[in-house]
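Subject: Structure handover

Hi,

Here is the structure I promised. Please open it next to this email; my notes follow below.

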Amino acid sequence: MASVWARSCSLLLYRGISSSTSTRLQLTIAKPLSSTLHHQAQQRWSSHSPLGTPSVPAKKKVTMGGLRSMYRKNEPITMMTAHDFPSAHVADAAGMDMILVGDSLAMVALGMEDTSEVTVDDMLLHCKSVARATRSAFTVGDLPMGSYEISPEQALATAIRFVKEGRVQSIKLEGGKEMAPTIKKITQAGIPVLAHVGLTPQRQNALGGFRVQGKTSKGAMAVLEDAIAVQEAGCYAVVIEAVPAEIASIITRKLSIPTIGIGAGNGCSGQVLVQVDMSGYFPPGRSIPKFAKQYGNVWAESLRAIGSYRDEVKSRQYPASEHTYPIAKEELDAFTKDSEKF
């Protein structure tokens with residue numbers, strides 16, 4: 001900026017412009033810098049500053065090619081659900097390979113009874129939030145119940161919205177052989193599809209609840225046939241949920257695409273968990289699925305922090321002087337004097 005001002009002064013002298021005009025020009029040139037500093041000050045003092053993203057991604061951006069490479073090298077694929085900017089932000093920073101905006105957000109984020117209540121518009125809002133936070137992980141949006149079952153054309157239209165509006169890189173849908181034409185329709189349009197077989201929660205009423213699948217030879221064969229069908233239809237991977245570990249391992253060996261297990265043992269190509277379950281962001285007494293391991297206790301820490309805030313506000317310990325903004329003494333004195341008029 002100084003060099004720009006020096007060159008401007010030389011030009012002014014050469015052209016014989018008056019000093020008053022020069023001053024006005026100086027102010028004009030200096031304005032962008034002062035505006036920038038003012039903007040930075042506003043950001044610094046604001047209580048609504050952006051959460052931000054890590055300056056350097058935790059790792060390189062995961063792509064379809066990267067997922068295939070992990071599968072070929074037998075490197076387990078890590079997948080985690082996220083339902084908003086903060087949950088995606090931390091999952092991405094932790095180095096997840098894939099982030100799923102699962103329809104489980106119906107319960108864990110929106111307080112609904114089950115996944116059948118959540119709508120496309122609900123899911124798109126959460127997909128957008130997750131996409132804004134994700135820099136490294138491969139993102140997947142879960143098509144909600146009723147948005148893809150009517151016809152392959154309906155499913156493709158919904159999938160396009162998830163990519164264009166939700167900003168995810170792929171979509172997930174539930175179902176096996178019966179969904180093969182739909183999967184083919186979507187993949188032929190250039191949208192990657194993650195399939196989901198075994199226990200399909202959107203169909204819990206038809207399945208008699210959240211029951212383990214493939215516990216008999218006939219049932220296990222049905223899961224295998226579904227997995228092969230979705231693979232042949234063009235899926236890049238398949239989630240296997242609530243299936244005995246031995247069955248899931250056999251199915252994994254029979255396929256040429258990755259399997260992502262959830263309650264299906266460690267013989268799958270990768271694993272996925274619901275973030276709220278594994279991080280312990282729920283009150284004591286809430287039951288979690290048998291397969292979910294709790295790695296933290298976010299609820300307890302949040303409860304402690306919020307309780308401490310409540311106590312400090314009640315006792316006037318907060319805010320302390322370091323949490324307040326300064327004012328010059330003469331300005332304070334002037335205001336105190338002026339305010340006596342009211």
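Leaving aside its neighbours within four places in sequence, which residues is Gln-275 in contact with? They are Met-80, Thr-81, Ala-82, Ser-87, Val-90 and Ala-91. Contact here means heavy atoms within 4.5 Å.

Before the rest, two notes on the source. This is a predicted model, so local features need pLDDT of at least 70 and side-chain atom pairs count only at pLDDT 80 or more, while totals for chains, interfaces and linings use all residues. Residues are numbered from 1 along each chain as its sequence is written, and side-chain values use heavy atoms, with hydrogens and water left out.

**Gln-275**

Gln-275 sits in helix α12 (residues 275-279). Helices (H or I, at least four residues) and strands (E, at least two) are DSSP runs, numbered from the N terminus. Gln-275 counts as buried because its relative accessibility is 14%. The cut-offs are under 20% relative accessible area for buried, over 50% for exposed, and partly exposed in between (1.4 Å probe, protein chains only). The Gln-275 side chain reaches the backbone oxygen of Ser-87 at 3.1 Å. Val-108 is 167 residues away from Gln-275 along the chain, yet their C-alpha atoms are separated by 9.3 Å.

**Helix α10**

Helix α10 (residues 217-233) has 17 residues, so at 1.5 Å a residue it should span 24 Å. That expected span is 1.5 Å times one less than the number of residues. The end C-alpha atoms of α10 are 24 Å apart, which agrees. Its buried residues are Ala-220, Val-223, Leu-224, Asp-226, Ala-227, Ala-229, Val-230, Gln-231 and Ala-233. Their cover includes α8 (180-188), β5 (193-198), β6 (237-241) and α11 (245-254). Gly-234 follows α10, with a positive phi near 120°.

**Surface**

Tyr-309, Val-313 and Tyr-318 make a nonpolar surface patch of about 290 Å². Patch residues have over 30% relative accessible area and no salt bridge; like charges are joined within 9 Å, nonpolar side chains (Val, Leu, Ile, Met, Phe, Trp, Tyr) within 5 Å. A salt bridge is a side-chain nitrogen of Lys or Arg within 4 Å of a carboxyl oxygen of Asp or Glu. Val-313 lies in helix α13 (residues 298-314). At 38% relative accessibility, Val-313 is partly exposed.

**Whole chain**

The chain has 14 helices and eight strands. Of its 342 residues, 39% are buried. Areas come from the Shrake-Rupley method with a 1.4 Å probe; for residues, only the protein chains shown count as cover.

Best wishes

Note on methods:
A polar contact is a pair of N or O atoms within 3.5 Å; within protein, one must be able to donate a hydrogen and the other to accept it, and residues adjacent in sequence count only if both atoms are side-chain atoms.
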